[in-house]
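This report looks at one protein model, part by part. Have the sequence and the structure at hand while reading.

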Amino acid sequence: MVFEPPQRLVRALGETAPHGDDWLERLPELARQAVARRELTVERVQVPGGRSSLVVLVRTADGTPAVLKLAPRRARPESERAALAHWGGRGAVRLLEPPPSSRLRSSGGTPVSGEAPPSTEGVLLLERLHPDVSVRSLPEARALLEAAETLRRLWVEPPEDHTFETVAERTGRQAEAMRASAVSDPEVAPLVEAALTAREELLAAPPEHRLLHGTFRQSKVLSGERLPWLAVGPDPVVGEHAFDLARLVRDRVEDLIAQPSGAATTRRRVKRLAESLEVDRERLRGWTLFRAVESGVRARRVGRAQDAELLLEFAGWL
C-alpha cells in the first residue's frame, strides 16, 4: 500500500517544520516498517486526518481493529505514549502495546537512552474508536457537557518521576514567540501584552499540578465501544485544570464570532464550564485569553489570516 500523507498534514507540518526536516519524505517507509513489524493488515489512511500525525486504520494479526499513528519527533509522540500509559484507558484511548522503558526528556518526550529503533520511534498502536464521530457532532450544549466530563477523568496526579513539560515551561516558549511577533506586528501588541500579563499572574500561585491533555477540544473526543466518549491526541503537560479547560472555551469559535451575541455567549460559556468543573472563573478567563492570543498570533505569523482574525477577535471579548 502507498502511505500518502493527507494534504492537511503536509500543510500543517510545512508551517512548523524546521529547516532540513525530512520526516514527510521518510514517512512512507516508516509506515511500511511499522506495519510489517507488527504484522498488521492495513485498511486505509484516515483522511483528512490530523495536523501532526499520519493515522492509519489497521487490524492486528488476530483481527482486532486498531489505529496506527505515526508522528514526527517535534510532535512529542513519546510524551503522548507516556500519558496514555499512565491514564491506562481511563477517559482516553488505550495503548495496544507497552511503552518503551526509556525515560523521557522534559522538553518534549524524546528518549534519553535506549532510543527506539526507526520502526517504533514515533509510532503508537491504539485501540480503534470511531474516527469520524466526535462530540462535535452533538448539539453544542450537549457537546460541551460530554467533552467536559471526559476531560475531568484525565485530571490525575502525574507519575512521581514524571518528566512531562510543565505549563510554565510550555507557555514560556510561547511567550517568547509572542513578544517577538508584537515587535514586528504592532497591531497585535495590546492583546499580546494583556495575555502575557495574565500569564505572569496565573503562574504566581497555581492551585494544582495535574496531568493535563494539553490540546483538548471537542474534535479530540471520539465515540468508542468501551466508553461512549474517549479522548485522543494529547500533547500532555503538567499544570492547573484551568489551562486545559481554556482551549475548550473557544470551541466552534467561528460560530461564536458569527453570533450577534457572541461576546455574551463566550462569557456565559466561561462561567458555565468553570462552575461545572469547579475551576476558578477568573483563572479560566485568563488562560483562555492567553491561549487564544497565542494561537491567533501564531496563525497570523504563518499566514492563516482568517484563523488569526477569528481568534484575536474572540480574545478581545475576554
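## An aromatic cluster

W287 has a relative accessibility of 0%, so it counts as buried (under 20% relative accessible area; exposed is over 50%, partly exposed lies in between, with a 1.4 Å probe and protein chains only). W287 and F290 make an edge-to-face aromatic pair, with 5.8 Å from centre to centre and 90 degrees between the planes. Rings of Phe, Tyr and Trp (its six-membered ring) pair if their centres lie within 6.5 Å; planes under 30 degrees apart are called stacked, over 60 edge-to-face, and the rest tilted. Both residues of this pair, W287 and F290, are buried. They lie in helix α10, three residues apart, which is about one turn of the helix.

By this rule there are three aromatic pairs. In one of them, the ring centres of F243 and W287 are 5.2 Å apart and the planes stand at 85 degrees, so this pair is edge-to-face. F243 lies in helix α7 (residues 241-249) and W287 in helix α10, so the pair ties together parts 44 residues apart in sequence. F243 is buried too, with a relative accessible area of 2%. Ring pairs link F243, W287 and F290 into a cluster.

## The model and its confidence

This is a predicted model, in which local features need pLDDT of at least 70 and side-chain atom pairs count only at pLDDT 80 or more, while totals for chains, interfaces and linings use all residues. Residues are numbered from 1 along each chain as its sequence is written, and side-chain values use heavy atoms, with hydrogens and water left out.

The mean pLDDT (the predictor's confidence in each residue, from 0 to 100) is 90 for the protein, and 91% of the residues reach 70 or more. Over residues 102-118 the pLDDT is below 50; this stretch has 37 contacts in the model beyond near neighbours in sequence. Contact means heavy atoms within 4.5 Å.

## Nonpolar cores

A nonpolar core is a set of buried Ala, Val, Leu, Ile, Met, Phe, Trp, Tyr and Cys residues joined through side-chain atoms within 4.5 Å. The largest one has 71 residues, and L245, L284 and F314 have the most contacts inside it. Helix α10 (residues 281-301) gives the largest share of this core, seven residues.

Which residues does L245 touch, not counting those up to four places away in sequence? They are L151, W155, L273, A274, L277, V279 and L284. A second, separate core has 19 residues, including L13, L27, L30 and L70.

## The sheet

Helices (H or I, at least four residues) and strands (E, at least two) are DSSP runs, numbered from the N terminus. Four strands form an open sheet in the order β1-β2-β3-β4, with antiparallel pairing. Two strands pair if DSSP finds at least two bridges between them. The edge strands, β1 (41-45) and β4 (123-127), each pair on one side only. From one strand to the next, the twist averages 30 degrees.

Strands β2 (residues 54-59) and β3 (residues 65-70) pair over six bridges, and V56 stands opposite L68 in β3. Helix α2 (residues 23-38) packs on the sheet and touches β1, β2, β3 and β4; its direction makes about 145 degrees with that of β3. Axes are lines fitted to C-alpha atoms, for helices over the stretch in contact, and angles run from 0 to 180 degrees between N-to-C directions. Strands β3 and β4 pair over five bridges, and the bridge partner of K69 in β4 is L124. β4 is mostly covered: five of its five residues are buried.
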